[in-house]
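I opened the notebook to look up a few things in this structure. The entries follow in the order I took them.

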Amino acid sequence: TLLKIAQQYPEYPVLLTGHSLGGAAAMLLYLMMLRSEEYQDVVKRTKVFAFAAPRPILRKSYLQLLAASKAGKLPTNIENCCVTVVNNKDLVPRLPPPASGIGLIGAARHLLKKLLGGGVAGGVSEGALGYVHVGRVLSLAEGEDLRLTGSLEYEPTVRSEKKNFKKVHDEAYHQYLIHEQKATVADVLQNAFFEQNETPKW
């Protein structure tokens, strides 16, 4: 198990990662570790990098965790340990749509408006919706610099891609974005989430 291996090699950092649904699962596993007594030592050296993942947690629950983290009631600061890398053209990181307050019809309208490339239905800020990412978001857009923001401040800057949806979702962080940006994804992640004496092997 993860716990057994992590305890066997206490000098090694633990990196949880995944793409799409796997990225959301990695984030949820990290949050479970935060709440588990037996993982308290392990979670202090754990970081999570998710790629093209959907939003995994309700905003209300995340705000409670974030407040506990900043107050020192959790073993680590969530914002310094978790990042989701997203392509601004990808629809998946904008999901799930809001689940509370607007009902099924409103959620369908929201999703349809996003698919058609508009903003959020009803003029509601995307950061105020039901689900959010964990930690920070590293957003990528063709022709723009990489942008690292808190998950509550993340707003897509371009329309989602409809015609080549699967290609955009599967290759967003692996194709042109890494090679054409002024800074690579690996450089940004290393500078933001690792100490100078740590040298992760990408």
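Is Cys82 buried or exposed? I find Cys82 buried, because its relative accessibility is 0%. Buried means under 20% relative accessible area, exposed over 50%, and partly exposed in between (1.4 Å probe, protein chains only).

Before going on, I note that this is a predicted model: local features need pLDDT of at least 70, side-chain atom pairs count only at pLDDT 80 or more, and totals for chains, interfaces and linings use all residues. Residues are numbered from 1 along each chain as its sequence is written, and side-chain values use heavy atoms, with hydrogens and water left out.

**Cysteines.** I checked Cys81 next. Cys81 counts as buried because its relative accessibility is 7%. The sulfur of Cys81 has its closest cysteine sulfur in Cys82, 6.0 Å away, so the gap is too far for a bond. My search of the whole structure gave zero disulfides. A disulfide here is a pair of cysteine sulfur atoms within 2.5 Å.

**Cores.** I then looked up the largest nonpolar core, which has 27 residues. Tyr30, Ile78, Cys82 and Val134 have the most contacts inside it. H2 gives the most to this core, with six residues. I also found another core apart from it, of nine residues, including Val83 and Leu189. A nonpolar core is a set of buried Ala, Val, Leu, Ile, Met, Phe, Trp, Tyr and Cys residues joined through side-chain atoms within 4.5 Å.

**Helix H2.** Helices are DSSP runs (H or I, at least four residues), and strands are runs of E (at least two), numbered from the N terminus. I checked the length of H2, residues 21-35. Its 15 residues should span 21 Å at 1.5 Å a residue, and the end C-alpha atoms are 22 Å apart, which agrees. The expected span is 1.5 Å times one less than the number of residues. I list the buried residues of H2 as Gly23, Ala24, Ala26, Met27, Tyr30, Leu31, Met33 and Leu34.

**Salt bridge.** How many salt bridges does the structure hold? I count one. Lys70 pairs with Glu79, with the closest N and O atoms 3.8 Å apart. The cut-off is a side-chain nitrogen of Lys or Arg within 4 Å of a carboxyl oxygen of Asp or Glu. Lys70 counts as exposed because its relative accessibility is 56%.
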